[in-house]
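Dear colleague,

Please find the structure below, together with a short account of what was found in it.

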Amino acid sequence: MILTRRAAIGSAVCFGAAAGAACGVDAAVPRTPAQTSGPFYPRARPADQDADLTRVKGMRGVARGQVIRVSGQVLDRQGRAVQGARVDLWQANAAGRYDHPDDGSDAPLDPNFQGSTVLVADADGRFRFRSVKPGAYGGRTPHIHFTVTGARARLTTQMYFPGEPLNARDGLLRSASPREAVIARAIGRLEADPEALAFGWTVVL
Ligand SMILES: [Fe+2]
């Protein structure tokens with residue numbers, strides 16, 4: 001069983017308390033706060049639905065912007081990995097523009113940016129993707145939208161980036177409680193992909 005730090009703390013609380021049903025409740029890992037899916041859920045999916053959003057099959061170029069790598073893990077409220085969870089994610093490009101007919105922004109589309117994908121978590125509940133950091137738009141700080149579906153639960157939320165100056169002013173982020181649960185952890189740079197900034201994030205269904 002994969003235990004996150006939070007789950008481990010939950011277990012410690014459980015073992016320290018009297019055994020019984022109440023202990024089970026105390027041990028539950030807090031659910032990641034739900035957030036709106038917003039108006040730009042993809043209507044059409046690109047034929048390319050792999051885990052590298054910085055390239056589009058059939059195109060020669062690469063997406064503009066800061067490359068990121070996100071390593072995520074889906075857990076249930078007991079801290080157990082949710083094997084096979086469906087991870088549906090979509091985001092604006094580096095200019096802050098969604099590839100969606102309702103996005104009337106003047107910011108340019110990027111033909112080399114995939115914009116969305118659907119991943120399946122592995123046996124440890126883990127998923128990974130490579131993308132570019134989404135641009136800010138319309139008062140929103142950079143964020144990536146997710147709908148994560150396990151066998152027993154489904155969550156729509158948004159993942160944010162640490163240290164972003166606009167985080168403090170984003171109403172949706174400020175409404176999340178606890179706020180830290182929707183902000184990814186910076187991991188730094190990876191030797192294998194030195195141009196990418198790496199982030200980690202745990203989703204609890
Ligand atoms: Fe958005």
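Which residues does V74 touch, not counting residues up to four places away in sequence? They are V82, A85, A121, G125, V148, G150, V203 and L205, where contact requires C-beta atoms, placed from the backbone, to lie within 7 Å.

Please note that this is a predicted model, in which local features need pLDDT of at least 70 and side-chain atom pairs count only at pLDDT 80 or more, while totals for chains, interfaces and linings use all residues. Residues are numbered from 1 along each chain as its sequence is written.

V74 and A184 have the most contacts inside the largest nonpolar core, which has 37 residues. Such a core is a set of buried Ala, Val, Leu, Ile, Met, Phe, Trp, Tyr and Cys residues joined through C-beta atoms within 7 Å; buried means that 20 or more other C-beta atoms lie within 10 Å of a residue's own, these atoms being placed from the backbone. Among the elements that give two or more residues to this core are β1 (67-75), β4 (126-132) and β8 (193-204). The largest share, six residues, comes from β8. Helices (H or I, at least four residues) and strands (E, at least two) are DSSP runs, numbered from the N terminus.

β1 and β4 run antiparallel and are joined by seven bridges, and Q73 stands opposite R126 in β4.

Finally, the peptide bond from S177 to P178 is cis, with omega near 0 degrees. P178 lies in the loop between α3 (171-175) and β7.

With kind regards

Definitions and conventions: A residue is buried if 20 or more other C-beta atoms lie within 10 Å of its own, exposed if 12 or fewer, and partly exposed in between; C-beta atoms are placed from the backbone. Two residues are in contact if their C-beta atoms, placed from the backbone, lie within 7 Å. Two strands pair if DSSP finds at least two bridges between them.
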